[in-house]
Amino acid sequence: MPGVDSRLHRTVEVRDHTGELRRWHLLDSAPLLAERGITPRGTLLAVHGNPTYSFLFRSLVRGDIPWRVVAVDQLEMGWSERTGVRRRYQDRVTDLSMLTDALSLRGPVVTVGHDWGGLISSGWALDNRHDLAGMILTNTGVHQQLEEALPRALQLATAPGFRGASTALTDTFLRVTLGLSGDAISPEVREAYLAPYRTRARRQGIDQFVADIPARAEHPSRPTLERVAEGLTDLTVPTLLAWGPKDITFSDRFLRDLIRRVPHADVHRFENTSHLVWEEADVAGLVATWLEATFGTAEAPRTEGPVRRPVSAAAEPAPERHIGDPIGRLAADPQHAHRPAVVELGAEDGEPREISWSLLHRRVEDIAAGLQGHGVRPGDRVSVLISPGADLTGVLYACFRLGAVAVIADAGLGMQGLTRAVVGSHPDWLIGIDKALLGARALGWPGRRISVKQLPTVDRRALGVETSIAELARSGALMRDLGAPLDVPHPAPDADAAILFTSGSTGPAKGAVYTHRQLGAMFTAVGDTLDLAPERGLVAGFAPFALLGPALGAPTVVPDMDITRPGELSAPALAAAVAALGRPAVFTAPAALRNILDTADQLDASGRAALAGAASFFSAGAPIPAPLLARLRTLMPETRALTPYGMTECLAVTAIDLEGIEEAGEGSGVCVGTPVPRVEVAIAVMDAEGRTSGEITDRAGESGEILVRAPHVRDRYLMLWGTTHESMRFPGWHATGDVGHLDANGRLWVEGRAAHVLATADGLFTPVRIEEAAEAVPTVRRAGAAAVGPRGTQQVVVILETEDDYRPGRAGRPRPAEPSLQEAVRRSVHERAGAEVVAVFTTRCLPTDIRHNSKIDRAALSRWSSQTLRGERADAL
């Protein structure tokens, strides 16, 4: 058992449910705790499933947490005795209780279960409530509806004639299970899992477990399954659910069932992991953090369940108002009622389609009434998959009015990212356009389905659609005409309002959960920062921003563009959108700026006049260098160019205009200005290896992780307990994951991502410092900083886009830069940043996040550089 201290092994003989003495093997961390002088706070009782054994929990049993860990090998499994007795579910629960009695294992006990071990440990928990302090469940299923089919993997495993051949006669079942984790399991670890199951006789327990799956009503273990599943609904002990969502056996539908039974549970989904989540992710680290936060002295953040105070409660509150109030107010105002609220471009006839405030208000009320009549209830999650425009606006604000939780994951995440977001949000309903419904059907997205437009009966059946927004709006309008309009109270301020997914630029996209209070505060912050009003519309060149306009009372238009590629917004398309509103505020993704400038020669006289008339220009998602904003003045000479800094978790943190940037002058990083109203910013100091030390400061020039406190900070991350805890490790502050510093005038300078800080032998270097120095070299269009080697002695590699070789969207395999360019970059980085560069490469296009097309994927650059400098063949970026 590689990685397992020999002192942890223990063998005990205990009578089982038949009354016979049986030999159990287990791992027990008590000797290591005693050696280190640690008095355990309690015991973790870890129970494996099929076809693993206690080895699964080796990362938990190392004695580095102040809890005794007892990880058992169930009878017939691992290194425990092969008794020849057929053991049913209830027998195994009874056997486990007899073992813990023999061990004199008393509370507080936290059970840890995986696969079948989740069912068995849950049964033990119900039968030993007097000792139970908490539960931890990983990739298990505690119930299977009789009308539901078994997962396909289990259908195959239980098929007559195949079961015995795959589970006992051969080790196919075991090898397939290990294969689900791919390269995460080393050959040495694979051999350790195979070791106790070398012969057919030693694999009989694997076969028994498969045979005992109680999928039928008449199965002998079905009563125990029903008893345990129902009993869990009465357990109120702290519970952690840690999950590998790519599990082909215990998919997210089993996680949804567990959340329904244990709604107070803390949940963490490890994206891109499968059934053996303990082998693919640091589950032990999550468990240690959760135990400390739950039973130690640390404050546990909220993830799911009853609402607690928002993280930003210490900041100045924002004005209270219901989301969508401006729609009703403007609809009732004779001056604005018939003015456009939403303008749609790109119609077949080429003419813009305008929806007035009055019509939008009626539409929202009618859709909300129709949704309520169809069964949508407050708190239901509704995945909204509709292109920006009147339909999206009507559905979204109807959800807000009704109290349903809108799940917003835009097409800019790409199909893979969008699938992860939709499936991972566990929606009750899915409202989408035809293309989205087709994808939902093909990819198995959860949720009852509603189309936007009314579909023919054949299409409706094929897509699994129940009704349409068009039909629901008609039914809502009919109720209004009959004198029974929507009559439901506005949602409570601390009820969940929306789940907004991040761009996924630093890993899988995360769902940021906002309450109505927090979302209203965010709308207020954005409106104050951008100075939006009914007289000044909003051109949303970054599609998600189209959702803000109605809440701010601002007419909104999305340019005719591919919303999945915001960086390809052209100057003519932007000009047409500006012309539709007169003198609006313009918002684009940072990546669009270069393309707007590059396509300016395609503008005609009317297009140039329209852009010149824009009142203001904003761009956020990544810091904007001053030279780009200065070049924009050639198209918008009278426009106030403002670049706010913010993130999905807290939109609008700071803001600065071009004049402010010019006043700040040159510095380390990109100056993003001073905090907007009701926002506080501080810096978490870093140690020599780039880790935050715990000290919070506002000293000028001190670089570290940027912390934010504001009433519009998100409440939590959806089903990411560990991530939420990490971002809240400084009480009252949200740790952004960005690195930067404050200057003497209180302006914030952003220097990249904290995870990308280079810890070299010469000290810490933030990535933006190196990239700016490299970009000072003529012909360099953009630079990305990469780190190679262990932290503390990392080497610096720079990968460039050059003006001559740049090809948008065509990342390829980098190649060494020309000697003269290498020398120029090395010299510039040394002189301007003080860092030594070991290698310089060029590429056609640096890899960026799919949503903004602007955040450089420095982790990918570092992986490529490490492989290349080791002499390995690296894939194209």
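How many bridges join strand β3 to strand β4, and do they run parallel or antiparallel? I find 5 bridges between β3 (residues 43–47) and β4 (residues 68–73), and the two run parallel. Leu-45 stands opposite Val-70 in β4. My strands (E, at least two residues) and helices (H or I, at least four) are DSSP runs numbered from the N terminus, and two strands pair if DSSP finds at least two bridges between them.

Ground rules before I go on. This is a predicted model, so I take local features at pLDDT of at least 70 and side-chain atom pairs only at pLDDT 80 or more, while totals for chains, interfaces and linings use all residues. Residues are numbered from 1 along each chain as its sequence is written, and side-chain values use heavy atoms, with hydrogens and water left out.

**First sheet**

I traced an open sheet of 8 strands in the order β1-β2-β4-β3-β5-β6-β7-β8, with mixed pairing. β1 (9–15) and β8 (266–269) are at the edges with a single partner strand each, so one side of each has no neighbour in the sheet. From one strand to the next, the twist averages 20 degrees. Helix α2 (residues 89–102) packs on this sheet and touches β1, β2 (21–28), β3 and β4; contact means heavy atoms within 4.5 Å. The direction of α2 makes about 110 degrees with that of β1. For such angles, axes are lines fitted to C-alpha atoms (for helices, over the stretch in contact), and the range is 0 to 180 degrees between N-to-C directions.

I noted a cis peptide bond from Asn-50 to Pro-51, omega near 10 degrees, with Pro-51 in the loop between β3 and β4. Another cis bond runs from Gly-107 to Pro-108, omega near 5 degrees. Pro-108 sits in the loop between α2 and β5 (109–114), and Ser-104 is also placed between α2 and β5. Ser-104 has a positive phi, near 55 degrees, without being glycine. Asn-139, likewise not a glycine, has phi near 40 degrees; its loop lies between β6 (132–138) and α4 (152–157).

β34 (residues 795–802) and β36 (residues 837–842) run parallel, joined by 5 bridges.

**Cavities**

I searched a 1 Å grid over the protein atoms alone; a cavity is a set of points where a 1.4 Å probe fits but cannot get out, and lining residues have an atom within 4 Å of a point. Points join across faces, edges and corners, and volume is the space filled by probe spheres set on them. That gives 2 cavities of 30 Å³ or more.

**Confidence**

I checked pLDDT (the predictor's confidence in each residue, from 0 to 100). The chain mean is 89, and 95% of residues reach 70 or more. Residues 298–314 stay under 50. Where pLDDT is low, predicted coordinates should not be read in detail.

Technical notes:
On a 1 Å grid over the protein atoms alone, a cavity is a set of points where a 1.4 Å probe fits but cannot get out, and a pocket is an open set with protein on both sides within 12 Å along at least five of seven lines; lining residues have an atom within 4 Å of a point.
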